[in-house]
Amino acid sequence: MLRLALKGAVGHKGRLFLMAMAIVLGVAFIAGSYVFTDTMKDSFDVLFEQETSVDLVVRADVEFGYGSGRVPESLVESLEGLPGVAEVLPSVYGFAQPLDKTGKPIGGLGPPNLAYSWSEAEAELTEVVLREGRIPQELGEVAIDAYTASEYGFALGDPIDLLLPSGVRTFFVVGTAGYGDADNLLGATVVLFDVDTAQLVLGFWDEYSQIAIVADEGADPEQVQQAVQGVLPDGVEAVSASEIIAEGREGVEQGVGFFNTLLLAFAGIGIFVGAFLIQNTYRIVVAQRTRELGMLRAVGATGRQITWLVILEALVVALIASAVGVGAGVGLAVGLRALMGLMGMDFPGGSLTVLPRTVIVAMLVGTVVTVLSAILPARKASKIPPVAALRELESTYFKSLRLRAVVGAGIFLLGLALLLFGLYADLGNALLLTGIGAGVIFIGVSTVAPLFARQFGMVVGSPLPRAFGVTGRLSRENAVRKPRRTAATASALMIGVALVTVVATIVASAKASVEGTVRDEVIGEYQVEPTSFGSVFTGGLSTEIASRLRALPEVAVASTYRVGEWRVPGTGEDLDTAYATQAGVRSLIAVDQGADEVVRLGVSSGDFTDLARPGTVMLHEDFAAEEGLGVGDAFPIEFPDGSSEDLEVVAVYGADLFGSDVVISLDAFAGHYDWDRDQMVIIRLAEGVDPEAARPALEAVVADYPNAELNNAEEYVDKVASQLDLVLNVLTGMLAMAIVIALLGIANTLALSIMERKREIGLLRAVGMTRRQVRRMIRWEAVLIAVFGAVIGMLVGVGLGVAVVTAIGAGLQVAVPWFNLAIYLVLAALGGVVASVIPGWRGSRLDVLDAIAYE
Amino acid sequence: MNAPAARVEDASKVYGEGDVMVRALDGMTVAFEKGRFSAIMGPSGSGKSTLLHCIAGLDTLTSGSAYIGDVRLGDLNDRQLTMLRREKVGFVFQAFNLIPTLDAAENITLPIDIAGGDLDQAWFDTVVETMSLRDRLRHRPAELSGGQVQRVAAARALVARPEIVFADEPSGNLDSKSADELMRFLRRAVDDFGQTIVMVTHDPKVAAFSDRVVFLADGRCIDEMEGPTAETILDRMKALGG
């Protein structure tokens, strides 16, 4: 039996080739994802492994969030005097964005612009390595990361402009640095100063970010820690170096973990689509081997043996293809790393990390998915009667379509339930549940699809006979004559198109919402914001901008706001709302008193001006309703510095512009966060001022701050739209793999069914159909199938997209991306044309005589 | 004397080389006149199917020439041959004559539709009447009996009014009654409409419907007979040792 299986697999390798390709692709992606992220993690680990002589780090006791806190300078003296303390090394870190030689800011698109102090003594804690030149020692000197230096042409001794919290200042490059053998840290720019300069330019005055302590040789670490603890004021803690390293590792793991999940999600999609392809291919191959399998039955093989034979064959193919896939995956990881390096995101090198887990998981998934996909066709094979060996059985099996409808509807409803559960119920793994729900929905739809295949094909294909005569007529007939096969083939494409549609729908909705929100809520004519989406990482806006704008006669109000984190006091558990972030950390915004003059806050109860009082808060009406809070109630809140307070709710508002449930005043913000940068400035011009005329004056102010830009409402919306489009394009690109697999599936099915229709094609050629007409016939068949898949995919995709958007809520408007859908339709049709090229060519080249010969 | 509807001159068709070389046709010369029903007979391996394929433009000769009317087939490329088949030749095969997804009427008009030409409705009706297919026109091949399928194939071959119709064992799969019926219809086509038919068969009763029988053996034409009957054919076959 095994030998038969092996021979079978080899004998049919032509037919099984595409199936094997699908397995290789899917497995390669899984293996590649793991190898890539494992390698990334390990290479970062290298940075943390270095032996450090630092024993303790003194820093602000920040519970959560992005802020880093500060410690007073005066602490250094107290620490130096302690017994057992050999060295005290203060350091400062913050953000500084370098400008290139034309004055444009470098980076800021995601990876941060890091700045910190660096001294000989302190090189211990950071893993920075000096490449050229020397460490900066006085004001005016700076060392930069090697990548920035080479990419933007900064040599030793060159001047470089840095955008600091206080504005732009010029420094001189005295050295370049790297991380291990990486030229930068995953795309982050790094500038290094000496400690005193860092304090000055990063706005620390008489504070440091942290103080590292080296204990005496032979001193008892415990005792030293105790002594240090003794001199620390409230809000400052001493942490052992190993804890710091562990925290660093955890941070890397989290980031890498997220990346890994994303990659695996795409790999999973690829495999899911591949499973459809495999099952379809296998079903066709089995159908074509009816004669051969019938003969086996005739000479005494039982149905069960046939089933095993088919499964074994699939297993053989799966094992070989999976092994190849693992190898390809390693190659993929290498390629990915090289790609990232090209894009400026370097990470410390080293050999690739291929864990046993990777190989096992990848091979397991490839094998199991293939075998599972082969089970149904294998069972079908067992039903072939022995007489099939002798007669040509044109299988017009007519199994109950009603059963299919019922089963399919059932599966669909199950998937729908899972999806809704994932979206609305407050369970742990919401994303996973939603994903599984979507997957089950796909299976349900593809089960039911054959019921529509015929009608669809006849209707959509109706122009074909008119356009191409009998050739078109035959295309249409051929596309619908085996609805199960057509539907199965089209289903693979459906999945890819549906997923792309979901993303497009979400993006379109986001765009429409932003547009609507800005139109309805923003009164101010202009906004100033960071050129790249200002997040806390990339530095934000200098407070000078707002104050200078206010001084202009054209400006009536310049209102600013900032973003911070908060948490429900207690264990960090989240509230009953749908969009809590990790570990219950949520974001709030802080506004000044001019906020209601530039934005229609939509205050429904209470009074916004009361927010100026200390200890107050304003809540968004949806959030307030969910929590059952109203004006006058107490709202408990924990700030990142660990302090908890009960704030008095003084107003409830409805505007969605800020996207925040919780609003406090800027004064209150200053009390709990030491982040002194603005997120955005919204400007309202004075009465009678023409916006166009006022613009130059505004631009003049903004021009001094290279990371800030001035936009009016329209420009702002456009900017958001283009950022969203970027996300759409990237995700679509990644989903393209699934679509390619699906198109391969269409080509494969076509090729196989042409083999089946050899005689028919031969007859057509005999009575005068030209090769071109044959190709045309096959081409339009492919187009019909592809369009069928795309249309169903779009329907499902829009449905899923709308469901997700509605579930997110948060004032999101639902919008259907009609334009995108039209494009997808055209592309799908083109995809069908491409898929038909090789099968069509081969079909037209069929030897007429061969085809009509009768044994 | 008119040019023959089809002929071959010194035709040879060789397959393979050396030890496995097969001479399917060995310098054969034979002609088929217009307006007549000709039969080609011979044992297995005599080259009768090969002759039919080569003279119909479905296969190429190794040497010698094949003609349909005045057109030398060897001069034509694939596209031209296809056009020729479309316009001048009709086929009836032993099996798999019809496109399963089209009904009988559509199968009959298939060559005309492929060419994008106009259907002569009156002629179509005449042929359909001749073949007694009026009430089966809307049926698919799966719904027709074996005899009806072959008649539809014959109707298709006739509707385009080709110069010549080639039939390869057209009644091979039919029971004797259906076979008889089919042959009568073909005979009518020749008698009433002047159609030229060249048919390959191994069955003397079928060959008896023809005007002239050509006997083949080992790739050569070894005998001929005019005005055959089933008995005379059988006798001649016995005499030839076939």
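Colleague: In chain A, what share of the contacts with a separation of 6 or more comes from residues 24 or more positions apart?
Modeller: Such residues account for 81% of those contacts in chain A, a contact being heavy atoms within 4.5 Å. This is a predicted model, where local features need pLDDT of at least 70 and side-chain atom pairs 80 or more, while totals for chains, interfaces and linings use all residues. Residues are numbered from 1 along each chain as written, chains are lettered from A and ligands numbered from 1 in written order, and side-chain values use heavy atoms, without hydrogens or water.

Colleague: How many helices and strands are there in chain A?
Modeller: Chain A holds 25 helices and 24 strands, taken as DSSP runs numbered from the N terminus (H or I over at least four residues for helices, E over at least two for strands).

Colleague: And how much of chain A is buried?
Modeller: Of the 855 residues in chain A, 51% are buried, that is, under 20% relative accessible area with a 1.4 Å probe and protein chains only.

Colleague: Why is strand β19 of chain A largely enclosed?
Modeller: Five of the five residues of β19(A), which spans 616-620, are buried, so the rest of the structure largely encloses this strand.

Colleague: Which strand runs parallel to β19(A), and which antiparallel?
Modeller: Strand β21 of chain A (residues 644-653) runs parallel to β19(A) and is joined to it by five bridges, with A:Met618 opposite A:Ala651. Strand β22 of chain A (residues 662-665) runs antiparallel to β19(A) and is joined to it by two bridges, with A:Leu619 opposite A:Val662.

Colleague: Switching topic, what is the strand order in the open sheet of four strands?
Modeller: The order in chain A is β3-β13-β1-β14, with antiparallel pairing, where two strands pair if DSSP finds at least two bridges between them. Strands β3 (85-91) and β14 (236-240) of chain A stand at the edges with a single partner strand each, so each has one side left without a neighbour in the sheet.

Colleague: How many bridges join β1 to β13 in chain A?
Modeller: Four bridges join β1 (residues 56-60) to β13 (residues 210-215), the two strands of chain A running antiparallel, and A:Arg59 stands opposite A:Gln210 of β13(A).

Terms used: Buried < 20%, exposed > 50% of the residue type's maximum accessible area, 1.4 Å probe, protein only.
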